[in-house]
Amino acid sequence: MKNALFMKNNGYKPASRAAQLPKCPTGIQGLDEITSGGLPRGRPTLVCGGAGCGKTLLAAEFLVRGAVEFGEPGVLMAFEETEAELKANVASLGFDLAGLVRSKKIVIDYVHIEPSEVQESGDYDLEGLFVRLNHAIDSIGAKRVVLDTLEVLFAGLPNQTILRSELRRLFRWLKDKGVTAVITAERGREQLTRHGLEEYVSDCVISLDHRVNDQIATRHLRVVKYRGALHGTNEFPFLIGSEGISVLPITSLALNHKVSTERIATGIHRLDAMLGGRGFFRGSSILLTGTSGTGKTIISSNFAQAAGRRGERVLFFSFEESPNQIIRNMHSIGLRLEPLVKRGLLRFQSARPSLYGLEMHLATMFKEIAAFQPHVVIIDPITSLMDAGTDSECKGMVTRLIDYLKAGQVTSLFTSLTQGGHVLQQSESAMSSLMDAWLLLQDFEGNGERNRVLYVLKARGMAHSNQIREFLISDRGIDLVDAYIGPNGVLTGSARAAQNSLEKAALLASQQEAAQLKREVERKRTALERQINGLRSDYETEALELQRIAEQVGTRTFVLNTERAASGLLRQADANVASSTRSNSRNGRH
């Protein structure tokens, strides 16, 4: 805080964008990104390296693209190759150098210097060279200059003092002329250049290297020095192809890719169900790891077919099998890829990993992706390319490829071949941290057989199952079934089938026992009902008998009462007669 206040009080102002060092764009893919806009405008840049590393081609492309893309004429002063040789060599990059010379956008001046004919006599200077170069610059109003190479120009000078003085004078003259110059120089044994001075008087120094590792040649570029500007200091691979030089930096370091919420199906219903029933996010990177024979290519082919059914284009890079072999092998599971190929929705690119170096494979992929514009890219397997470079180079290559695909919202599926051991650790050490989703295919060996299982290790941004599924491959396709998980662990294959049979047998026995018990209960219920019906019948019979007896008793009682009443009436009549007789007797006495 005190330092900031001190700078403010002393009139310090941060450099504005307008006050930054002017840049001269090279037009070379990747180089302008590394240098944050190009080479220093109006200043000399030294390009040094060994034989065959691409110094002359880089310098020539700087001139050609300046004239074609940026409207800046240029001068190429060569001390080794003639004008005809340069035109033929640059034509291999697809550049019409001869046409640019005819249209006076580029001037080529070949200066022949024979070291054996150069003798030091008196004062030596480059005044003649300056006159010749100045004329060439003024003739077309050149803004860019290339000198190729310094060693030939100063090869006949044994006096190091004069050589250093003239080198400084040459670089100062170029600066005063206001041209953006690229000067090539050969690498020294212990220094960047043979004389050890060029790198100090240059404002920008680019080192090129052509090395061979495990019989595979690769080229690398490094910005050693850049006065007045920030730049990438790492070593970057670069390629020389049919369209010029391409530097391959790790792109999109800010991780500002666009993302999509759209989900796409994998072509395997149960796998989609493990991913929330909707599949992967579009534009995501997916890693599928497993040992040999676990079905990685089969899953990849199903993924390709699902994309084709949606009308999407699929680019399939294969490093182990030819396209015809993949198509034939998929017939065994009922998968037909030929219609997609004929409709132009599926394109195969097959090559042996040893055909190119790591960077050339990456450049080939970039070129094919840009030409085909696929929605889905499959690389089977990515581990085939890992032997072409070191671990850091391979991870950098995968990072660049993923960034390139994500920038275009292209969904990518990478298969990874593991070599046994702890597959999780082996995959994690390679590229798993770069991926959005990770599926693992694993072998389960037991009971004299080998079975496959699949599970989802991670799926960023989506709910997913943590359950293991047995992975079955048949002539009807792929099926994921629930693995049996019991007290003794996970059972797959015939062990799972045997366990299922045991469970079915136990269930059947339980069902039979229940049915037997049900029949016994039914028999007892029937017997009880018969007994109840018998008792009810006896009851009803006895009730009827009781009713009959009651009716008989009632009848008898009625009859008896009737007889008694009749008897009583008879007895009443007798009483009346007796009473009348007694009355008459009294009357006679009186």
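Biologist: What should I know about the model before we start?
Modeller: This is a predicted model, where local features need pLDDT of at least 70, side-chain atom pairs count only at pLDDT 80 or more, and totals for chains, interfaces and linings use all residues. Residues are numbered from 1 along each chain as its sequence is written, and side-chain values use heavy atoms, with hydrogens and water left out.

Biologist: How many helices and strands are in the chain?
Modeller: Both are DSSP runs, numbered from the N terminus: helices are H or I with at least four residues, strands are E with at least two. By that rule, the chain has 17 helices and 24 strands.

Biologist: What percentage of the chain's residues is buried?
Modeller: Buried means under 20% relative accessible area, exposed means over 50%, and partly exposed lies in between, with a 1.4 Å probe and protein chains only. The chain has 590 residues. The buried share is 43%.

Biologist: Is strand β6 mostly covered or mostly open?
Modeller: β6 spans residues 144–148. Arg144, Val146 and Asp148 point one way, Val145 and Leu147 the other, and all are buried. With 5 of its 5 residues buried, β6 is mostly covered.

Biologist: Which residue of β7 is the bridge partner of Leu147?
Modeller: Two strands pair if DSSP finds at least two bridges between them. β6 pairs with β7 (residues 180–186) in the parallel sense, over 4 bridges. There, the bridge partner of Leu147 is Ile183.

Biologist: Which residue of β6 is the bridge partner of Met77?
Modeller: Met77 lies in strand β4. β4 (residues 74–78) runs parallel to β6, joined by 5 bridges. In β6, the bridge partner of Met77 is Leu147.

Biologist: How far apart in space are Met77 and Leu147?
Modeller: They are 70 residues apart in sequence. Met77 touches Leu147, along with residues including Asp109 and Val146; contact means heavy atoms within 4.5 Å. From C-alpha to C-alpha, the distance is 5.1 Å.

Biologist: What is the relative accessible area of Ala78?
Modeller: Ala78 is also placed in strand β4. Leaving aside neighbours within four places in sequence, Ala78 is in contact with Leu86, Asp109, Tyr110, Val111 and Asp148. Ala78 is buried, and its relative accessible area is 0%.

Biologist: Why is the aromatic pair of Phe316 and Phe348 called tilted?
Modeller: Rings of Phe, Tyr and Trp (its six-membered ring) pair if their centres lie within 6.5 Å; planes under 30 degrees apart count as stacked, over 60 as edge-to-face and the rest as tilted. The count comes to 3 aromatic pairs. Here the centres are 5.1 Å apart and the planes are at 40°, so the pair is tilted.

Biologist: Which strands hold Phe316 and Phe348?
Modeller: Both residues are buried. They link distant parts of the chain, 32 residues apart. Phe316 is in β15 (residues 314–318) and Phe348 is in β16 (residues 346–350).

Biologist: How far apart are the end C-alpha atoms of helix α15?
Modeller: Helix α15 covers residues 391–407, which is 17 residues. The expected span of a helix is 1.5 Å times one less than its number of residues. That should give 24 Å, and the model agrees, because the end C-alpha atoms are apart by 24 Å.

Biologist: Which residue with positive phi follows α15?
Modeller: The buried residues of α15, among them Cys394 and Leu401, pack against elements including β10 (235–241) and β18 (411–417). After α15 comes a residue with phi near 55°: Gln409.
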